[in-house]
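Me: I would like to go through this structure with you. Could you take my questions one at a time?

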Amino acid sequence: MNVSHCENIHRAAARAALDVPGVVALQPALADRLALAASRVYEAVATGATGHHEAAGVRCELTPVGAWHVEVRCILDKDHRVLDVARRVRESVRTAVTSHLAQHGRAAPVTVVVTVTRTV
């Protein structure tokens, strides 16, 4: 599995989650924030410039049995029912990732876990 394929799955999942009504943003995990901070420092030192990268709140991994596990961390609009939005995010992301895999001849089971980190 190459890195660009994983990035494409990550992007498809993030796009699908953000398209669900009631999702305000995706919340990066602490590890993502630390990695982003470290990469910015490295970039600044290596190139002498500062760059802007956003880490979306999506984590994807290929399991040892060949299935995809996708975790999505969402910030929701307080005017929407959390459970309803979380269910729609789970289905939307599962559909998007499954479709992406099928289009590239790599069909595999997909599980999606949605965590609502806060409402605004």
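Me: What should I know about the model and its numbering before we start?
Reply: This is a predicted model, in which local features need pLDDT of at least 70 and side-chain atom pairs count only at pLDDT 80 or more, while totals for chains, interfaces and linings use all residues. Residues are numbered from 1 along each chain as its sequence is written, and side-chain values use heavy atoms, with hydrogens and water left out.

Me: How many helices and strands does the protein have?
Reply: There are three helices and four strands, where helices (H or I, at least four residues) and strands (E, at least two) are DSSP runs numbered from the N terminus. Their order along the sequence is α-β-α-β-β-α-β.

Me: What share of the residues is buried?
Reply: Of the 120 residues, 28% are buried. Buried means under 20% relative accessible area, exposed over 50%, and partly exposed in between (1.4 Å probe, protein chains only).

Me: And what share of the contacts comes from residues 24 or more positions apart?
Reply: Such pairs account for 70% of the contacts with a separation of 6 or more, a contact being heavy atoms within 4.5 Å.

Me: Changing topic, how many disulfides are there?
Reply: The structure has zero disulfides, a disulfide being a pair of cysteine sulfur atoms within 2.5 Å.

Me: How many salt bridges are counted?
Reply: The count is six, with a salt bridge defined as a side-chain nitrogen of Lys or Arg within 4 Å of a carboxyl oxygen of Asp or Glu.

Me: Where do R11 and E7 lie?
Reply: Both are in helix α1 (residues 3-18), four residues apart, or about one turn of the helix. R11 is partly exposed at 40% relative accessibility, and E7 is partly exposed at 39%.

Me: Which residues are linked in a network?
Reply: R59, E61 and E71 are linked by salt bridges. R59 meets E61 at 3.3 Å, N to O, and the closest N and O atoms of R59 and E71 are 2.7 Å apart. R59 lies in strand β2 (residues 58-62) and E71 in strand β3 (residues 68-76), so this pair ties together parts that are twelve residues apart in sequence.
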